[in-house]
Amino acid sequence: MALQTGRLTNYSLAMGTKIFSTVVAILLIGFISGCDPEKQFCDDMGTFARVPDLIILEPLQDTYNKGDVVTLKTSIANISPYFAEPNVNLLEVTGVDNALLISHDELYQGNDLEFIKGSQGRISNWFNMPYNPNTDRYEFELIIALNRTGTYNFITGELIDINGEDCKTYNIDTNIVGANEDSRIVFEVLE
């Protein structure tokens, strides 16, 4: 009888393990099939460029008084020499008539912004750079009234993205002219 009970216990244990494994497999398959499809891999080596000093902050000074005004501006040519494909027509290839400028947030917090060319993006340090057919350039110009007093000290590592569909994406890594040796813009706004 003890031998039969041992076989019954082993059989029950084996069936329990089999049922458990089957349930786990069904749940895992359901989970995997419910995931988003894989995103297409885009080889961006030829569509990424490092181009220094495309952005100007003027006047760039060591000190300002509260309420002083500075202008931040940039533009890039639609027929761009920066990428692996020489003189690529960014508007034609991507279909995008609004580039995205991603900048450092510290310059904008607590200050008044007046857009001359472009507009606010979805996030406080994202800005839209519209294509101007008259100049054949993507352009951005912003007047900043420096209302927040204190020290401004930020890394200037801006990106300009022209993000089309199906891997038709072009990115430019740039900075503000006049950054120090640590790639920082530093100034003081006095009361």
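**Entry 1**

I began with Phe48, which stands opposite Asn171 in strand 14. The model I consulted is predicted, so I note its limits: local features need pLDDT of at least 70, side-chain atom pairs count only at pLDDT 80 or more, and totals for chains, interfaces and linings use all residues. Residues are numbered from 1 along each chain as its sequence is written, and side-chain values use heavy atoms, with hydrogens and water left out.

I then looked up how strand 1 (residues 48-50) is placed, and found that strand 1 pairs with strand 14 (residues 169-174) in the parallel sense over three bridges. Strands here are DSSP runs of E with at least two residues, numbered from the N terminus, and two strands pair if DSSP finds at least two bridges between them. Strand 14 also pairs with strand 13, in the antiparallel sense, over six bridges. Asn171 in strand 14 is the bridge partner of Asp161. The hairpin of strand 13 and strand 14 has five residues between the strands, and in this hairpin Asp166 takes a positive phi near 55°.

Thr71 lies in strand 4 (residues 69-77). I listed its contacts (heavy atoms within 4.5 Å), leaving out residues up to four places away in sequence: Thr71 touches Ile56, Leu57, Glu58, Glu141, Leu142 and Ile143.

Ile143 belongs to strand 11 (residues 137-145). With a relative accessible area of 21%, Ile143 is partly exposed. With the sequence limit of four places applied again, Ile143 touches Thr71 and others, including Val70, Asp112 and Ile116. I noted that the C-alpha atoms of Ile143 and Val70 are separated by 5.8 Å, although the two residues are 73 residues apart along the chain.

**Entry 1: the largest pocket**

I recorded a volume of about 180 Å³ for the largest pocket. A pocket is an open set of points on a 1 Å grid over the protein atoms alone, where a 1.4 Å probe fits, with protein on both sides within 12 Å along at least five of seven lines; lining residues have an atom within 4 Å of a point. Among the lining residues are Val96, Arg122, Trp126 and Asp161. Strand 7 (98-102), strand 10 (126-132) and strand 13 (158-163) are the elements that give two or more residues to this lining.

Conventions
Points joined across faces, edges and corners; volume = space filled by probe spheres on them. Helix = DSSP H or I, 4+ residues; strand = E, 2+ residues; numbered from the N terminus. Buried < 20%, exposed > 50% of the residue type's maximum accessible area, 1.4 Å probe, protein only.
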